[in-house]
Amino acid sequence: MNSDPKLERIAKGNALALCATGTWTASFAPVLERMVADAEKLAGGPQSIFIDVSEVAKLDTFGAWLIERLRRNLTKGPVEAQIAGLSTNYSSLVDEVRRVRATAVVDSSAITITGMLEQIGRAVAGVGGTIAGLVDMLGAVLAAWFRVLIHPRSLRLTSTVHHMEQVCWRAVPIIVLITFLIGCIIAQQGIFHFRRFGADIFVVDMLGVLVLREIGVLLVAIMVAGRSGSAYTAELGSMKMREEIDALRTMGFDPIEVLVLPRMMALVLALPILAFLGAMAALYGGGLVAWLYGGVEPEAFLLRLRDAISIDHFIVGIVKAPVMAAVIGIVACVEGLAVQGSAESLGQHTTASVVKGIFFVIVMDGVFAIFFASIGM
Amino acid sequence: MAGEIQNPIIRVRDITVQFGTTRVLDGLNLDVKRGEILGFVGPSGAGKSVLTRTIIGLVPKVAGSIEVFGVDLDSSSTAQRRNVERRWGVLFQQGALFSSLTVRQNIQFPMREYLRVSQRLMDEITMAKLAMVGLKPEVAERFPSELSGGMIKRVALARALSLDPDLVFLDEPTSGLDPIGAGDFDELVRTLQRTLGLTVFMVTHDLDSLYTACDRIAVLGNGKIIAAGSIADMQASQHPWLRQYFHGKRARAVMT
């Protein structure tokens, strides 16, 4: 039954008949398109043309449209092409496609220099928008927080504890493992290079200061931005897509209070804890390598560490943690609430959340370094 | 090919589907004949969508066999299965349009994968499909998130019909549409069935659809087909659920 489609030209007196036979369906669309394109070249000839479709075995939208297109293209000048021999089964289908206007589709994806310049301009202007959005969210979160301070019962404790479990408790193994390895690497590299100057023991000073002041908190913040910041954005984003946030709003709840504040509080509490655990793991790893690879006995390591670092180093490190947590949380929530209807948009905003989160964490770290240097800590 | 005309287009035999310990479908048999519009009804949660998804192959079954176009889907080769999938179209309950593609790209997606035709022809066919489902050409460049619920249904139908399938599965096509829109949709399905010779497998709750669009009705209950036949058979049935369904307040309103 599925026979190859054909379009034969038969001269009948003064007229030319185009006899369509076989199966005119989607499966044969490429062949059909070529045949029809060939036949369209007959347009403008002297004789009148009609298309005979009485022998067509099977017709679907593709076939019907191609016959209709052929008819339209052959109808140039005074001679109108006709379709003949249409069975009643298919006439409604042909009528259906006859109503279609062939509108040219404009493809707006062409790359132009002005278009690229425009994009650069928009991106630059977008930076201002990003900062405004962050400040806006910071204000909204603070306002919600003050409301909670005044009415402590409106705090969503269950939700906060749930998020604490997600971002703090469940993050402990991976954070401890990674910071432990980083501590090991720092110690190994330090010993390897300091040994040339006979200064092996200074590796303890370097490890202590570096881990407590910088690496501990910075590394942990970057990991948290990747792990929890992205999760926040994806959660809020998909809630936005499914109109769950609109639903909250119509019930008289403030999404900031219900969704954002518990997440922010969990993160602000979690990051100092994780940073502390991370610093301890890094010191432990460094001490282990110093002992096994550098031959520094644990007692000597601890004695040296006590001399090398003061509580100031620890404070400088840990003070940064809640601020970085707030930055990560705000960026993640702003991006989450900015998600539009498509899956693509969700992906873009999750990426932006992590990239911007890490960027701001590093910027904040620089600002803190300048600040602590100027107050002499 | 000749045998296929007499044989049912879908033949479901003794299928059992289980989630954990809950048995949703229990030795169910169903035939769908070529060229008919089968309305599939049953109480909420009876497993109508599960049966549809089982036939399409999205839900694994514990036992039984499914034949579509005479091909047993369990023992078929990948090529055979691909060929069957090309000949059916599915309209999901929520539309399931690809959110990152425009309406035009959504409708062209199956064509682009399966047919080697020019962009021009694809664009023209897309416009024809949009016109068939009653949408304006301007809709083509919009994204799914910019469409109303009814438009999403229509675009999803256009995508399901993109390759001119022989069989379409419609999962609650008229739910969420206003009565006029739903009436248009029924009319549309009827027209398309006539013009394209479609076989339609329609899960629905809409009594109007059952009366105006469907040739035959199958009723699901307790994991089995409890009745199948014309609307008149359904009305004559003594089964308690059917009596309630077809003689309730809403049913009387439709009949008068």
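## A helix pair in chain A and its partner chain

In chain A, α11(A) contributes A:V316, A:K320, A:V323, A:M324, A:V327, A:I328, A:V331, A:A332, A:E335 and A:G336, which meet A:H349, A:A352, A:S353, A:K356, A:G357, A:F360, A:V361, A:M364, A:D365, A:F368 and A:F372 of α12(A). Contact here requires C-beta atoms, placed from the backbone, within 7 Å, and helices are DSSP runs of H or I with at least four residues, strands of E with at least two, numbered from the N terminus. This is a predicted model, with local features needing pLDDT of at least 70 and side-chain atom pairs 80 or more, while totals for chains, interfaces and linings use all residues. Residues are numbered from 1 along each chain as its sequence is written, and chains are lettered from A in the order in which they are written.

- The axes of α11 (residues 311-337) and α12 (residues 343-374) of chain A come within 9 Å and cross at roughly 150° (lines fitted to C-alpha atoms over the stretch in contact, angles from 0 to 180 degrees between N-to-C directions).
- α11(A) is therefore roughly antiparallel to α12(A) (an angle over 145 degrees).

**Chain A overall**
- Chain A has 12 helices and 4 strands.
- Its C-alpha atoms fill a box of roughly 115 × 60 × 45 Å along the principal axes.

**The A–B interface**
- 27 residues of chain B are in contact with 26 residues of chain A.
- The largest share of chain B's side, 9 residues, comes from α5(B).

Conventions: Two residues are in contact if their C-beta atoms, placed from the backbone, lie within 7 Å. Angles under 35 degrees count as roughly parallel, over 145 as roughly antiparallel, 65 to 115 as roughly perpendicular and the rest as oblique.
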